[in-house]
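Morning, everyone. Please bring up the structure.

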Amino acid sequence: MYRRADAYRDADMVTVDQDTKRAMQRVVVVGTSCSGKTTLARLLSRVLGAPHVELDGIHWMPDWQLRPVDEVRRMVGEAASAERWVMDGNYSAVRDIVWGRATAVVWLNYPFRVVLWRALSRTTRRVITREELFSGNREGFRQSFLSRDSIILWAITSHGQIRRKYRRILDDGDFPHLRVIELRGPAEAEALVALLGAPPRVE
């Protein structure tokens with residue numbers, strides 16, 4: 001069983017001990033799709049003064065083309081070799097590199113209702129505003145709402161599976177050096193960011 005004592009709870013507040021603060025040198029943020037990994041990772045990078053690395057931006061090339069795995073591993077390895085960083089993403093093909101080098105993992109273990117609302121609201125906003133994502137890609141209406149590859153559909157169908165996967169990975173203890181912070185809702189994410197030195201605002 002992994003140790004979760006670094007994120008204490010008292011009256012719905014998260015407190016972070018000094019050992020955990022010292023462990024926040026190289027942080028990987030994981031969780032189900034649409035849980036808010038990138039938003040939180042960006043906030044943590046500003047709080048900690050560390051570069052932000054979005055694994056989606058490495059994994060995907062323009063026009064939603066997948067980058068070859070060997071090239072992804074090379075690029076991730078270069079990014080992970082830095083002294084400080086905050087990465088976000090769930091890619092198992094590079095978990096050995098990222099988690100092996102990381103000092104802490106922040107797991108967004110959010111309820112389905114939170115993830116579903118975020119999936120719907122975020123995707124709708126991106127479709128309407130034509131927001132540019134990583135590698136110049138954008139989400140379109142057909143792709144987001146009518147396709148088998150819809151991120152909303154993926155968030156719905158994979159939510160339970162991904163939560164169980166991370167519980168199993170952390171319980172197995174394959175990465176005993178990692179400091180684990182499990183967050184169970186946006187309020188806890190806000191509290192974590194606030195305690196690390198930033199205004200408590202996570203959208």
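Start with the largest nonpolar core, which holds 27 residues. Val29, Leu40, Leu44, Val106 and Leu183 touch the most other members. A nonpolar core here is a set of buried Ala, Val, Leu, Ile, Met, Phe, Trp, Tyr and Cys residues joined through side-chain atoms within 4.5 Å. Buried means under 20% relative accessible area, exposed means over 50%, and partly exposed is in between, with a 1.4 Å probe and protein chains only.

Which elements give two or more residues to this core? They are β3 (26-31), α2 (37-48), β8 (104-108), α6, α8 (151-172), β9 (179-183) and α9 (186-195). The most comes from α2, with five residues. There is also a second, separate core of 24 residues, and Val72, Trp85, Val94 and Ile162 are among them. In soluble globular proteins, nonpolar side chains tend to be buried together.

Some ground rules. This is a predicted model, where local features need pLDDT of at least 70, side-chain atom pairs count only at pLDDT 80 or more, and totals for chains, interfaces and linings use all residues. Residues are numbered from 1 along each chain as its sequence is written, and side-chain values use heavy atoms, with hydrogens and water left out.

Now the overall numbers. The chain has nine helices and nine strands. Those are DSSP runs, numbered from the N terminus: helices are H or I with at least four residues, strands are E with at least two. Of the 203 residues, 48% are buried. Take contacts in the chain between residues at least 6 apart in sequence: 71% of them join residues at least 24 apart. Contact means heavy atoms within 4.5 Å. The chain exposes about 10500 Å², and carbon and sulfur atoms supply 53% of that. Areas are Shrake-Rupley with a 1.4 Å probe; for residues, only the protein chains shown count as cover.

Next, Arg73. Arg73 sits in helix α4 (residues 69-80). Its relative accessible area is 31%, so Arg73 is partly exposed. What does Arg73 contact, leaving aside neighbours within four places in sequence? Ala93, Val94, Asp96 and Ile97. The side chains of Arg73 and Asp96 are joined by a polar contact of 3.0 Å. A polar contact is a pair of N or O atoms within 3.5 Å; within protein, one must be able to donate a hydrogen and the other to accept it, and residues adjacent in sequence count only if both atoms are side-chain atoms. Arg73 and Ile97 are 24 residues apart in sequence, yet 7.9 Å apart in space, C-alpha to C-alpha.

Asn90 is another one to look at. Asn90 is in the loop between β7 (85-88) and α5 (95-101). Its side chain makes a 2.9 Å polar contact with the side chain of Tyr166. Not counting residues up to four places away in sequence, Asn90 touches Val30, Gly31, Thr32, Lys37, Arg95, Lys165 and Tyr166.

On to charges. How many salt bridges are there? Eleven. The rule is a side-chain nitrogen of Lys or Arg within 4 Å of a carboxyl oxygen of Asp or Glu. One of them pairs Glu71 with Arg67 at 3.3 Å, N to O. Glu71 is partly exposed because its relative accessibility is 27%. Arg67 is at 15%, so Arg67 counts as buried. Another pairs Arg184 with Glu182, at 3.3 Å, N to O. Arg184 is partly exposed at 44% relative accessibility, while Glu182 is buried at 0%. Salt bridges that share partners also join Arg125, Arg126, Glu131 and Glu139 into one network.

Two backbone angles next. Most residues other than glycine have a negative phi. Asp63 has a positive phi, near 60°. Asp63 lies in the loop between β5 (60-61) and β6 (65-66), and is exposed at 64% relative accessibility. Arg130 also has a positive phi, near 55°. Arg130 is in the loop between α6 and α7 (141-146), and is partly exposed at 43%.

Last, the surface. Leu120, Phe141 and Phe145 form a nonpolar patch with about 270 Å² of accessible area together. Patches use residues with over 30% relative accessible area and no salt bridge: like charges are joined within 9 Å, nonpolar side chains (Val, Leu, Ile, Met, Phe, Trp, Tyr) within 5 Å. Leu120 belongs to helix α6 (residues 112-129), and is partly exposed at 35% relative accessibility.
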